[in-house]
Amino acid sequence: MTLLVVGSVALDSVQTPFGSAEHVVGGSATFFASSACHFAPVQLVGVVGRDYPMQKLEALAACGVDLAGLERVAGESFRWRGRYGHDLNSAETLETRLGVFADFRPKIPAAFRHAPYVFLANIDPQLQLAVLDQVSSPRFVGCDTMNFWIASRRNELLDVLRHVDLVTLNDGEARQLSEQVNLVHAARWILDRGPRYVVIKKGEHGAFLFSRPDRASEGNSSPDARVRIFFAPAYPLEQVFDPTGAGDAFAGGFMGHVARTDDLSDQNLRRAVVVGSAMGSFAVEAFSNERLLAVTADEIAARIREFYELVTFENGR
Ligand code: AMP
């Protein structure tokens, strides 16, 4: 099943304790697509300026990403500059230059409007809403966001939440959005605003999937019955090189798996969390989207098997 993604296509400049990279391919839609293309056909919508090195996106096209919805207009491409200290879980944003994104109005090509799976990658929530106006009843819509938009476009973001099935955030963003310190409370707060599922990522400490139980169990008013929780660890990598894009790669693996299997059961969404975690772990092994694009189907399958080994145990004696 086809998967449509709308988000940023950027030039990133990143400093980590292990090195730095200047003006490399980045952006939420780029990382998402570089991950999701291993599972399903991806259609990408975004905008770049005339300064964008288009040849760097050829590898994405070769992986099955349809770039017909990527506009190229006069002006500067979106640029993000960030730094990571020894705590690789959170980036410090040094500079965000919206460039051509400041005036971008997403136009979903007619051939993309019927995509059954849609992901609104990290981008201005106003643009996320404009995308929702142009797609015709997708089966499942996910969205992502970040501190920058939670602070500057809160009301629009709350509007987005009313119209999506899934939201992915990291723990700091979940706390910022909900103004709740406890993550279970934060998840419940978010679920109460519309989405059926919320994924809260905790970087190297794994990811939670919180879901609202179906109607059959809604009669039970105990607080625990109002939210189901699944947890997957992050893959214990010995060398994390650059965490940029891990969240988008997670989302690409998650949504890619769901689009490939076309199965929205709770069990399958749990598997999707593990696929997402596996793809996030590849993203951080190199700068930019290099490793994500190079990874093979066998390597993905092997890493997912390692997750299984990591968490299975016998219950009881
Ligand atoms: P993450 O998966 O959270 O590490 O996402 C990293 C990517 O998000 C980088 O490649 C940036 O270009 C992109 N990014 C950073 N800030 C923004 C923003 N305000 N809006 C959209 N994309 C952004």
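1. Let's start with leucine 310, which sits in helix H11, residues 297-311. Helices here are DSSP runs of H or I with at least four residues, strands are runs of E with at least two, and both are numbered from the N terminus. This is a predicted model, in which local features need pLDDT of at least 70, side-chain atom pairs count only at pLDDT 80 or more, and totals for chains, interfaces and linings use all residues. Residues are numbered from 1 along each chain as its sequence is written, and side-chain values use heavy atoms, with hydrogens and water left out.

2. Is leucine 310 buried, exposed or partly exposed? Leucine 310 is partly exposed, because its relative accessible area is 42%; buried means under 20%, exposed over 50%, and partly exposed in between, using a 1.4 Å probe and protein chains only. Not counting residues up to four places away in sequence, leucine 310 touches Pro233, Ala234 and Pro236, where contact means heavy atoms within 4.5 Å.

3. Leucine 237 is also worth a look, in the loop between strand E13 (228-232) and H8. With a relative accessible area of 21%, leucine 237 is partly exposed. Setting aside residues up to four places away in sequence, Ser281, Val284, Glu285 and Arg303 are touched by leucine 237.

4. Now follow the chain to helix H7, residues 183-191, where seven of nine residues are buried. Those seven are Leu183, Ala186, Ala187, Arg188, Trp189, Ile190 and Leu191. What do they pack against? Their partners are helices H5 (154-161) and H6 (171-178), together with strands E10 (166-170), E11 (197-201) and E12 (207-211).

5. Look at the start of H7 too: a side-chain oxygen of asparagine 182 comes within 2.8 Å of the backbone nitrogen of valine 184. From asparagine 182 to leucine 310 the separation is 128 residues in sequence and 26 Å in space, C-alpha to C-alpha.

6. How do H6 and H7 meet? Their axes come within 9 Å and cross at roughly 60°; axes are lines fitted to C-alpha atoms, for helices over the stretch in contact, and angles run from 0 to 180 degrees between N-to-C directions. That makes H6 oblique to H7, since angles under 35 degrees count as roughly parallel, over 145 as roughly antiparallel, 65 to 115 as roughly perpendicular and the rest as oblique. On the H6 side the contact involves Asp171, Ala174, Arg175, Leu177 and Ser178, and on the H7 side Leu183, Ala186, Trp189 and Ile190.

7. Compare helices H8 (residues 246-261) and H9 (residues 266-283), which pack at about 140° with axes 7 Å apart. H8 is therefore oblique to H9. Among the residues that meet are Phe250, Gly253 and His257 in H8 and Leu269, Ala272 and Gly276 in H9.

8. Leaving aside neighbours within four places in sequence, leucine 120 has contacts including Val6, Val131, Leu132 and Val160. In soluble globular proteins, nonpolar side chains tend to be buried together.

Note on methods: Polar contact = N/O pair within 3.5 Å; in protein donor to acceptor, adjacent residues only side chain to side chain.
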